[in-house]
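Please look at the sequence and the structure before reading on.

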Amino acid sequence: MLTIGDTAPDFTLPETDGQEVSLSAQKPKSVVLFFYPRDNTPGCTAESIDFSAAKAEFEAAGAVVFGISKDSLSSHAKFRDKKELTVSLLSDEHGRVCEDYGVWAEKKMYGKTFMGIVRTTVLIDGDGKIANVWNKVKVAGHVDEVLTAVKAL
């Protein structure tokens, strides 16, 4: 698990339109990474819409926001277009970044155990250090909490 003060693991992932996005290239901006289980599911949709609605506020506070899941680029594109999302969605199809950030874990639902992405948000400061981690995120009110933390950096 990542802890506050750790150097954030660098990565390069494809963005919905096929461009490569590297964490290290975002400096000196703060970066918000919200890891979510799946495109077009209720919680993931609500979270993505909330981050999209607050995108301008994050940018004004000097932060960039990326959603990350293991869904394919084509799935991300359909999700973005269907829900009119404005935040960038990154595809981690092989799960390396999810593992590096400790969000790929055993989950339980309806009595079944399986591996999946645990809804997690990571705030990285302009120096590339972990500033905050929200584990097992509950969507309601979460974006406001993250925005408050970004503004406090």
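## Tyrosine 101 and leucine 33

Leaving aside neighbours within four places in sequence, tyrosine 101 is in contact with Leu2, Ala8, Pro9, Phe11, Leu23, Leu33, Phe35, Val122 and Ile124; contact means heavy atoms within 4.5 Å. The model is a predicted one, in which local features need pLDDT of at least 70 and side-chain atom pairs count only at pLDDT 80 or more, while totals for chains, interfaces and linings use all residues. Residues are numbered from 1 along each chain as its sequence is written, and side-chain values use heavy atoms, with hydrogens and water left out.

Tyrosine 101 sits in the loop between α4 (96–100) and β6 (104–109). Helices (H or I, at least four residues) and strands (E, at least two) are DSSP runs, numbered from the N terminus. With 4% relative accessibility, tyrosine 101 counts as buried. Buried means under 20% relative accessible area, exposed over 50%, and partly exposed in between, with a 1.4 Å probe and protein chains only. Tyrosine 101 and methionine 1 are 100 residues apart along the chain, and their C-alpha atoms are separated by 6.9 Å.

One of the contacts of tyrosine 101 is Leu33. Leucine 33 belongs to strand β3 (residues 30–35), and its relative accessibility of 0% makes it buried. Not counting residues up to four places away in sequence, leucine 33 touches Phe11, Phe66, Ile68, Tyr101, Thr120, Thr121, Val122 and Ile124. The C-alpha atoms of leucine 33 and phenylalanine 79, 46 residues apart along the chain, are separated by 18 Å.

## The whole chain

The chain has five helices and nine strands. Starting at the N terminus, the elements run β-β-β-α-α-β-α-β-α-β-β-β-β-α. The radius of gyration of the chain is 14 Å, close to the 15 Å that the globule rule gives for 153 residues, so the chain is as compact as a globular protein of that length. This radius is taken over C-alpha atoms, and the globule rule is 2.2 Å times the number of residues to the power 0.38. The C-alpha trace spans about 40 × 35 × 30 Å along its principal axes.

Of the 153 residues in the chain, 46% are buried. Among contacts with a separation of 6 or more, 63% are between residues 24 or more positions apart.

## Backbone details in loops

A cis peptide bond, with omega about 10 degrees, joins lysine 27 and proline 28. Proline 28 lies in the loop between β2 (20–22) and β3. Two residues other than glycine with a positive phi are listed below.

## Helices α1 and α5

How do the axes of α1 and α5 cross? The axes of helix α1 (residues 42–53) and helix α5 (residues 142–152) come within 9 Å and cross at roughly 40 degrees. That makes α1 oblique to α5; angles under 35 degrees count as roughly parallel, over 145 as roughly antiparallel, 65 to 115 as roughly perpendicular and the rest as oblique. Axes are lines fitted to C-alpha atoms, for helices over the stretch in contact, and angles run from 0 to 180 degrees between N-to-C directions.

Glu47, Asp50 and Phe51 in α1 meet His142, Val143 and Val146 in α5.
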